Amino acid sequence: MKRPFVLRVLALVLCLTLFSSVSTQASFYILNGVRFEEPDQTDIKLLLDGKEIKTDVPPVIVDNRTLVPARKIFETMGAKVDWIAKERRVVISGDVKVELVIDQKEASVDGESRTLDVPATLIDDRTMVPVRFVSECLACDVDWDPQTRTVSVKKPQGDFTHTLKKISYEWEEYEGRLRIALSFDQKNVNFSSFTLKEPDRLVLDLDKTLLGTTAPSPVETECPMVPSIRFSQFSKNPMASRVVVDLTEPAESAISKTADGKTLYIDFQYQGDRIYLYDDPPTIVCGGAEEDDLALEQEGDIVTVTVNKMTYDAETLNFDNEFCKSVKVTTKKNKSYLTIRLTEGTKTALSGNRILFWHGDSEQLSDLTLKEEAKDLLVVIDPGHGGAETGSVGYDEDGEESLYEKKVNLQIALRANTLLKDIGVDTYMTRMTDTDVSLSERAEIANKKDAALFVSIHNNSFTSPDAKGSEVLYGSEEVLEDYGISGKRLAELIQEELVEQLERPDRGVKHTPGMAVIRLSKMPAVICEGLFLSNPEELLMLKDPEYVEKQAVAIARGIVRALNEMVEYEPPVENEEEEE
């Protein structure tokens, strides 16, 4: 649709260049009490899309700025203009809201403060505003023809469905997180993203989007990895806006949107040579360290983590939560040491350069005992989707998005991971935060780590809301002798537990060898599809922590049973023919 242009030019006219009291009745004007000689300017014309706008006070040029009367222009465009005399303030309401105060350089555009080159001005009791500033904010073209002394304003010619109204960011230094927010007037903008090198940068192209923000570009950040954010009206026909995130080095990002679809988030995780603390889930990250550089020892409620090759700043960190009381960092030579005081019953483990915490409360697995030989087998846990890949979406009764599959997949995976670690299983997760991991990368992680099992955690969706129940997908039907189990058997064990725990219809196990993570994994691999986000009843279950726990328990139990079967497996003995 074509957005009403009234408000845009409204803001356009408002901010073009602002001054104080002038008279056009003679060959001079008074500005801020100073007399300026000026030739007659009554012949200056203002055109909007080729049509002349007649005003009782004509446009004037002051100090190379073209000023136009705000009320006449904005009301012609359908906007409302209010004058608050006591405050000497003008409020223009329409597609955007602009507030200006006479003799002040600060203006407000949609609630955001903007600084003008010169303050707003009055000429013959008419509020005059600069055209250039407004036009740039509204993606309009403004031309000045010196021969005909004509100012020409042209509205955007391309069709657009969205307006990018605000660009902001939040930098959480203590957690090393940068979140960039792009706010729109409508939901579900179409966009594409890609990276460029030399220099490194992330680019987002926003289809059919008008750049409606008046913020100056670039926006500089405090994040060492992202020095600035640039944006522009990349194309006017077809209409498209572009956002460029400048990077100091190649960096992974996660792109997501809010439940109402009106805001895009671009998330970066910066890990310099320092300690980072995360609350959800509670995690300590040893920034800059490699997996092999960490060693953990736990004695009672005291954990000591040695980080080789790193010298962090010595400090005591405030990490007060249900698992930790304090974290003290010390250094000696080329090593750093983290001394962590735990709450009662807390257990810890390393995963990459992360320190995980959980309570040893796996009563749901108390009837299972992991065989000693199985403790040497690695299980890769893969939370499906992540980042820009939301997976299936659950909708509430009003048709609004209420749950992304990627979120509940991660919740289930994190809990299954701690349950498995608590019983002694060696695990590794393909992602522990809301980040993008490609399908091939997921399988590659498992292959490089020589994992014994690969378990991808998903939830389902279908065009009909009647679809319901649990199922598990697998690839190999025959036992892989190097592993002692088939993908089908692994799927059967997990499916049995899902049906028992969730008490939902049994959709069985399904042979799907063409699925990417199954096809690319060397070891037995399965995809668990717990419940349907498209089913109203099961969507409510997925929002309930009790059912997140039930699904995690089911998957963990199935994995433990599979590991025990693997170490008990005995390959068949081939019959040798007797020599004649």
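Reply: Let us start with a definition: a crossing is left-handed if the near helix is turned anticlockwise from the far one by less than a right angle, and right-handed if clockwise. This is a predicted model, in which local features need pLDDT of at least 70 and side-chain atom pairs count only at pLDDT 80 or more, while totals for chains, interfaces and linings use all residues. Residues are numbered from 1 along each chain as its sequence is written, and side-chain values use heavy atoms, leaving out hydrogens and water.

Me: Is the crossing of H6 and H9 left-handed or right-handed?
Reply: Helices are DSSP runs of H or I with at least four residues, strands are runs of E with at least two, and both are numbered from the N terminus. Helix H6 covers residues 487-502 and helix H9 covers residues 545-568, and the two pack at an angle of about 145° with their axes 8 Å apart. Axes here are lines fitted to C-alpha atoms, for helices over the stretch in contact, and angles run from 0 to 180 degrees between N-to-C directions. The crossing of H6 and H9 is right-handed.

Me: Is His 458 buried or exposed?
Reply: His 458 sits in strand S39, residues 453-460. Buried means under 20% relative accessible area, exposed over 50%, and partly exposed in between, using a 1.4 Å probe and protein chains only. With a relative accessible area of 13%, His 458 is buried.

Me: What separates the C-alpha atoms of Leu 403 and Leu 540?
Reply: Leu 403 belongs to strand S37, residues 401-404, and is buried, with a relative accessible area of 9%. Contact means heavy atoms within 4.5 Å; beyond four places in sequence, the contacts of Leu 403 include Leu 533, Leu 539 and Leu 542. Leu 540 is 137 residues apart from Leu 403 along the chain, and their C-alpha atoms are separated by 9.7 Å.

Me: In S23, which residue is the bridge partner of Asp 205?
Reply: Two strands pair if DSSP finds at least two bridges between them. Five strands form an open antiparallel sheet in the order S18-S19-S23-S22-S21. Within this sheet, S19 (residues 201-207) and S23 (residues 239-246) pair over seven bridges. The partner of Asp 205 in S23 is Arg 242.

Me: What share of the protein chain is buried?
Reply: The protein chain has nine helices and 42 strands. Of its 580 residues, the buried ones make up 53%.
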